[in-house]
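Look over the sequence and the model first, then read on.

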Amino acid sequence: MKQQIPLVLVFVFGVLLAIQYFVPSEPSQRFYEVALDGLTVIGIFAMVLGIWSQIHVGYNKIKRRAEDWQYSVVTLVSMFGMAFCGLSFMGGLNGPIFRQLYNNIFIPIQAAIFSLLAFYIASASYRAFRARSAVSTVLLVAALLLMLRVIPTGPLADPINQIGSWMLMVPNMAAKRAILIGVGLGSVATALKIVLGIERSYLGKD
Amino acid sequence: MEQTASMATQIWTTVGILLTFCLFSFLYKDNPFYKFAEHLVVGVSVGYWAILLYYNGINPNLFSHLFVFTNDPTTGAEFNTWKPKFDELYYLIPALLGIAMWTRFSRKYAWISRYPLALYLGISSGIAIPVTMKNNVLTQLRGTVVGLGFDWSTSGFLGVPQSIWDIIVILGTISSLIYFFFSKEHKGAWGGAARLGIYTLMIGFGATFGYTVMARISLLINRIQFIRDWWNMIS
């Protein structure tokens, strides 16, 4: 019951949903819509586990006065504060305070975190772009050409642009297609393994 | 009134600026200001996503099927009246399964959470098999081969007929796939093809890396402009 029913559920719904794709009828479409809604609902309910875990870890840290416990207070207060400001009686997603918190805390911090990466990516570039072999030289040249393409380079602008466009449309496209095909085949193989019960690590041990 | 709005904007923007400086302080070294901003963003993100998923996930995908929704006469916004409706009661099944996920909190009943998990994996795998096969594999193969029009009159880069470049795209794609095929040893002609594949892939990775660097630099420029605008506003 603990192992077999989940395996049967995975197989039945996996096969049904895969067949549904080839059955263009209204009941089939309706089944697909309900299944997709169910998928979303289960996923969102599962998110509660993550939120609870976050609260649990933060609360325990504060209770035990663990190192840097004060930051857990910041996390918990901001979490509940943001959620509270988004409740219906506060105006929901369009509530004035919720929008201000989103625009002046959430967005600036996220943008600043990602812009910080500009500095780290610069040092990573230095390490990655040292032309130590033919393969790394190709990587270096491709990245440089692409970046030079968008800055004014005077008389060199036209040839750089042409080479850059060619690079994007020929070798880059070939590489991206190969990667997409590889990822696609890998995803299908993994999905088949799950549906057929070969991959069952999600069931746990007992 | 206008003075108040302007003051509120100044205060909120100053908060954003202070948090930006808190994060940039990490460039010196890890410090309490950075840690404060880091923990703040974790909390705010969780709160934001929880609310967003309630309104854009639970409401349209579950509650709208189980309760009567109506439009607010003044704002026009749709809201839940919490009056039950009984024509789509089968939507209780995903709700119950969703709740069953919470049995993970209990060691004794954690096994029940396997049912919703199994359903989730079954549905997502079932949907993924034909869709991924079509979008990632067949469409890409079609795009690679159909592009080959044997149109020798159109010249492309360096005046070379476009068809030549189309053939090179096909060769690049095949050689890149060969590089990822590890069931056969990369020796001889096969190894040569794999070698061509790694060069093709490196150009692709170089392009991706270049784009990533540019995107991060753009964000940095945007932050600097944000600081400049704030400075102009307060001075």
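Predicted model: local features only at pLDDT ≥ 70, side-chain atom pairs only at ≥ 80, totals over all residues.

Residues are numbered from 1 along each chain as its sequence is written, while chains are lettered from A and ligands numbered from 1 in the order in which they are written. Helices (H or I, at least four residues) and strands (E, at least two) are DSSP runs, numbered from the N terminus.

**Chain A against chain B**

- Chain A gives 102 residues to the contact, and chain B gives 97 residues. Two residues are in contact if their C-beta atoms, placed from the backbone, lie within 7 Å.
- On the side of chain A that touches chain B, the elements giving two or more residues are α1 (4–20), α2, α3, α4 (96–128), α5 (134–148), α6 (157–169) and α7 (171–195) of chain A.
- That side of chain A has 76 nonpolar, 21 polar and 5 charged residues. Ala, Val, Leu, Ile, Met, Phe, Trp, Tyr, Cys and Pro count as nonpolar, Asp, Glu, Lys and Arg as charged, and the others, Gly among them, as polar.

**A helix pair across the chains**

- α7(A) packs with helix α4 (residues 114–146) of chain B at an angle of about 155°, and their axes are 8 Å apart. The angle makes α7(A) roughly antiparallel to α4(B).
- Angles under 35 degrees count as roughly parallel, over 145 as roughly antiparallel, 65 to 115 as roughly perpendicular and the rest as oblique.
- Axes are lines fitted to C-alpha atoms, for helices over the stretch in contact, and angles run from 0 to 180 degrees between N-to-C directions.
- The crossing of α7(A) and α4(B) is left-handed. A crossing is left-handed if the near helix is turned anticlockwise from the far one by less than a right angle, and right-handed if clockwise.
- The contact of α7(A) with α4(B) has 15 nonpolar, 9 polar and 1 charged residues.

**A helix pair within chain B**

- Helix α3 (residues 92–100) of chain B packs with α4(B) at an angle of about 120°, with axes 7 Å apart. That angle makes α3(B) oblique to α4(B).
- α3(B) also passes α4(B) in a left-handed crossing.
- Leu97(B), Gly98(B) and Ala100(B) in α3(B) meet Tyr115(B), Pro116(B) and Leu119(B) in α4(B). By class, the residues of this contact are 5 nonpolar, 1 polar and no charged.

**The hairpin of chain B**

- Strands β1 (residues 67–71) and β2 of chain B run antiparallel, joined by 4 bridges. Two strands pair if DSSP finds at least two bridges between them.
- Thr70(B) has Phe79(B) in β2(B) as its bridge partner. Asn71(B) stands opposite Glu78(B) in β2(B).
- The hairpin has 6 residues between its strands, and Gly76(B) takes a positive phi near 80°.
- Both strands are hardly covered: β1(B) has 0 buried residues among its 5, and β2(B) (residues 78–84) has 0 among its 7.
- A residue is buried if 20 or more other C-beta atoms lie within 10 Å of its own, exposed if 12 or fewer, and partly exposed in between; C-beta atoms are placed from the backbone.

**A loop in chain A**

- Arg65(A) is found in the loop between α2 (26–63) and α3 (69–85) of chain A. Asp68(A) lies in the loop between α2 and α3 of chain A.
- Neither is a glycine, but phi is positive: near 50° for Arg65(A) and about 60° for Asp68(A).
- Arg65(A) is exposed, with 8 other C-beta atoms within 10 Å. Asp68(A) counts as exposed, with 10.
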